[in-house]
Amino acid sequence: MSLADTVLATNDDLPIRTDKPVHSGKVRSVYWLTKEDSRRLIAEKGYDVRADAPLAIMVISDRISAFDCIWQGEDGLKGVPGKGAALNAVSNHWFKLFKQQGLADSHILDIPHPFVWIVQKAKPVKIEAICRQYITGSMWRAYQKGERNFCGIQLPEGLQKDQKLPELLMTPSTKGILTGIPGVPEQDDVNITRENITDNFAAFNFSSTSDVALYEKLLKEGFAVISEALAKLDQIFVDTKFEFGYVEDASGQEKLIYMDEVGTPDSSRIWDGAAYRNGKIVENSKEGFRQLLLNHFPDPDILLNKDRMAERTALAQNNALPVEVLMQVSKTYIDIAEKISGEKVHLSDNPKAEIIEILRTQYGLVD
């Protein structure tokens, strides 16, 4: 079996029983179960949700997205070996730690396979909840240009690139295109202020103004739990993106939860502590791949300038990356996942066949 065969690149064609279109995102695909299958699994597995709660199968892939494009390698390599399993392993570890420490729940009800989550339907909060402990990335680029107000936060003078910030900063941005909100441009992924959110909480899908403070509390708590755990591994939690949503428990009580992934190499910057103390940045996250792309192509502005999206898309489609590049990314993901979880990442020769077999025999979701 070739290396390309071990990669789960297409994850929206599994024969999972559903009566709705499969939603395929950049990395994950979502299969909404039928009402009958949702009710059956809730009863059989004892999930703490309403008896009629909609459930879904969420299947991760090994695709790699950067700068809003999917990148591929030579020799038919359509993703990064081990990436999907590594991402899920990291999220699973943090969600378990959150639960142990009394933080909010997540949307995950079950983990049938390293690539698969069974989740309950959530009402997503339309915010990319970003926390920053160091000044780097887009914040540093804005600071370099002279901007001192970032997401409504006044930054001090004299900060240096990659420096630890005086305090943990919450710098939210929009999730999706939101319309009719004063002062918020109608485009995806634009920085917003806390005032934008509190003045228009319903437009961001919050149920109450008090939940804005609750999301900030959960964001800080989640960041602190992960940061402290990584510090014990001599890793630095630089910044991250969390997502939140609402679900109802078995009694019908609405609650704000963590959703999507948390603390992963895709959603966070993680630096090696020893290297940082020696004045070097060693990325243990997707940021290393992003930097590689910026250095690989002669005109990095294509990757950074949203007005050049058509050129960027063509760049990704027409340039297969060397296999060794994707294998280095694979090593980064697997190494940090194993360091965090303390367990080996399971790599399958045929992940799709494994998933189908488990969902057929243990969950009755494949005919």
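This is a predicted model: local features need pLDDT of at least 70, side-chain atom pairs count only at pLDDT 80 or more; totals for chains, interfaces and linings use all residues.
**Stop 1: a pair across the sequence**

Start by selecting Asp-37 and Arg-17. Their side chains meet in a salt bridge, with N and O 2.9 Å apart. Now colour helix α1, residues 35-45, and you will find Asp-37 in it, while Arg-17 sits in the segment before β1 (23-24); the pair therefore ties together parts that are 20 residues apart in sequence. Is Asp-37 buried or exposed? Asp-37 is buried, with a relative accessible area of 5%. Arg-17, by contrast, is partly exposed, at 24%. If you wonder what brings such partners together, remember that side chains of opposite charge can pair when their charged atoms come close.

**Stop 2: a strand and a helix**

Next, select Arg-269 and Glu-287. They form a salt bridge too, and the closest N and O atoms are 3.4 Å apart. Which elements hold these two residues? Arg-269 belongs to strand β16 (residues 268-272) and Glu-287 to helix α7 (residues 287-296), so this bridge ties together parts that are 18 residues apart in sequence. Both Arg-269 and Glu-287 are buried.

**Stop 3: Asp-162 and Lys-161**

Move on to Asp-162 and Lys-161. Their salt bridge has its closest N and O atoms 3.3 Å apart. Asp-162 counts as buried, at 12% relative accessibility; Lys-161 counts as partly exposed, at 47%. How many salt bridges are there by the rule used here? The count comes to 29.

**Stop 4: the sheet**

Switch to a cartoon view and look for an open sheet of five strands. Follow the order β1-β2-β3-β7-β6, where the pairing is antiparallel. At the edges stand β1 and β6 (108-113); each has a single partner strand, so one side of each is left without a neighbour in the sheet.

Zoom in on β1 and strand β2 (residues 28-32). These two run antiparallel and are joined by two bridges. Select Ser-24 and you will see it standing opposite Ser-29 in β2.

Finally, show helix α2, residues 83-100, which packs on the sheet. Helix α2 touches β2, β3 (55-60), β6 and β7 (116-120), and its direction makes about 45° with that of β7.

Technical notes: Residues are numbered from 1 along each chain as its sequence is written. Side-chain values use heavy atoms; hydrogens and water are left out. A salt bridge is a side-chain nitrogen of Lys or Arg within 4 Å of a carboxyl oxygen of Asp or Glu. Helices (H or I, at least four residues) and strands (E, at least two) are DSSP runs, numbered from the N terminus. Buried means under 20% relative accessible area, exposed over 50%, partly exposed in between (1.4 Å probe, protein chains only). Two strands pair if DSSP finds at least two bridges between them. Contact means heavy atoms within 4.5 Å. Axes are lines fitted to C-alpha atoms, for helices over the stretch in contact, and angles run from 0 to 180 degrees between N-to-C directions.
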